[in-house]
Amino acid sequence: MSDSFDPSIIYAAVDGHGRRMGIRYHAHGADWTELALPYRPTLVGDPESGVLASGPILTMMDEANSFAVWCRLGRWRNHATLDLRIDYLRPATPGKTVIGHGECYRITPAIAFVRGQAHDGDPENPIAHVAGTFMSTEVKP
């Protein structure tokens, strides 16, 4: 990994889907990235319970894992989510920020393998686990 890819700079510069939902950069390392999804009433899926909808959490986990791939590579590389499985273990706690930790644990020339978890303050009590793959869309001459 090189230090040339800094997800905090990229995330601040790009006004994409996640940022419009309120997702923000939290932390990163050599092969991982964490994003944060602050609680917002507009993201609640069930008004009676106040629990965040699953869609924003899935979006955050997709982005966290995508950034983890680039951290591991040390550079931006075009890729697409090929598969992302999410297992919800419990509802997010109303009013709490959800943290999404994505890790890239293996890269081949065409595929990056990722995993991660979402929690709302205690990583030992996750909201969801994810596992997936990203496929490079770069064409080698």
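**Exercise 1.** In which sense do β5 and β8 pair, and over how many bridges?

*Solution.* The model under study is a predicted one. Step one: β5 and β8 are antiparallel partners, joined over nine bridges. Step two: one of the residue pairs concerned is Tyr88 with Ala128, the latter being its bridge partner in β8. Step three: the pair is then placed in its sheet, an open one of six strands in the order β1-β2-β6-β7-β8-β5, with antiparallel pairing. Step four: β1 (24–28) and β5 form the edges, since each pairs on one side only. On average, and with direction ignored, neighbouring strands of the sheet are turned by 20° against each other.

**Exercise 2.** Describe how α3 is placed, and determine why it counts as largely enclosed.

*Solution.* Step one: α3 comprises 20 residues, and the distance from its first C-alpha to its last is 29 Å, close to the 28 Å expected at 1.5 Å a residue. Step two: the helix lies across β1, β2, β5, β6 (98–107), β7 (111–119) and β8, and runs at about 40° to β6. Step three: a residue is buried when its relative accessible area is under 20%. Because 14 of the 20 residues of α3 are buried, the helix is largely enclosed by the rest of the structure. Step four: just after α3, Gly74 adopts a positive phi of about 80°.

**Exercise 3.** Identify which residues of the largest nonpolar core touch the most other members.

*Solution.* Step one: this core has 23 residues, and those with the most contacts to other members are Ile23, Leu37, Ile57, Met60, Val98 and Ile127. Step two: two or more residues each come from β2 (32–37), α3 (54–73), β5 (79–88) and β8 (128–136). The greatest contribution is that of α3, with seven residues. Step three: leaving aside residues up to four places away in sequence, Ile57 touches Leu37, Leu52, Ile86, Tyr88, Ala92, Ala118 and Ile127. Step four: there is also a second, separate core of six residues, among them Ala68, Val69, Cys104 and Phe134.

**Exercise 4.** Is Gln117 buried or exposed?

*Solution.* Step one: Gln117 is found in strand β7. Step two: its relative accessibility is 18%, so Gln117 counts as buried. Step three: the side chain of Gln117 reaches the backbone oxygen of Pro123 at 3.0 Å. Step four: with residues up to four places away in sequence not counted, the contacts of Gln117 include Met61, Ile99, His101 and His129.

Conventions
Residues are numbered from 1 along each chain as its sequence is written. This is a predicted model: local features need pLDDT of at least 70, side-chain atom pairs count only at pLDDT 80 or more; totals for chains, interfaces and linings use all residues. Side-chain values use heavy atoms; hydrogens and water are left out. A nonpolar core is a set of buried Ala, Val, Leu, Ile, Met, Phe, Trp, Tyr and Cys residues joined through side-chain atoms within 4.5 Å. Buried means under 20% relative accessible area, exposed over 50%, partly exposed in between (1.4 Å probe, protein chains only). Helices (H or I, at least four residues) and strands (E, at least two) are DSSP runs, numbered from the N terminus. Contact means heavy atoms within 4.5 Å. Two strands pair if DSSP finds at least two bridges between them. Axes are lines fitted to C-alpha atoms, for helices over the stretch in contact, and angles run from 0 to 180 degrees between N-to-C directions. The expected span of a helix is 1.5 Å times one less than its number of residues. A polar contact is a pair of N or O atoms within 3.5 Å; within protein, one must be able to donate a hydrogen and the other to accept it, and residues adjacent in sequence count only if both atoms are side-chain atoms.
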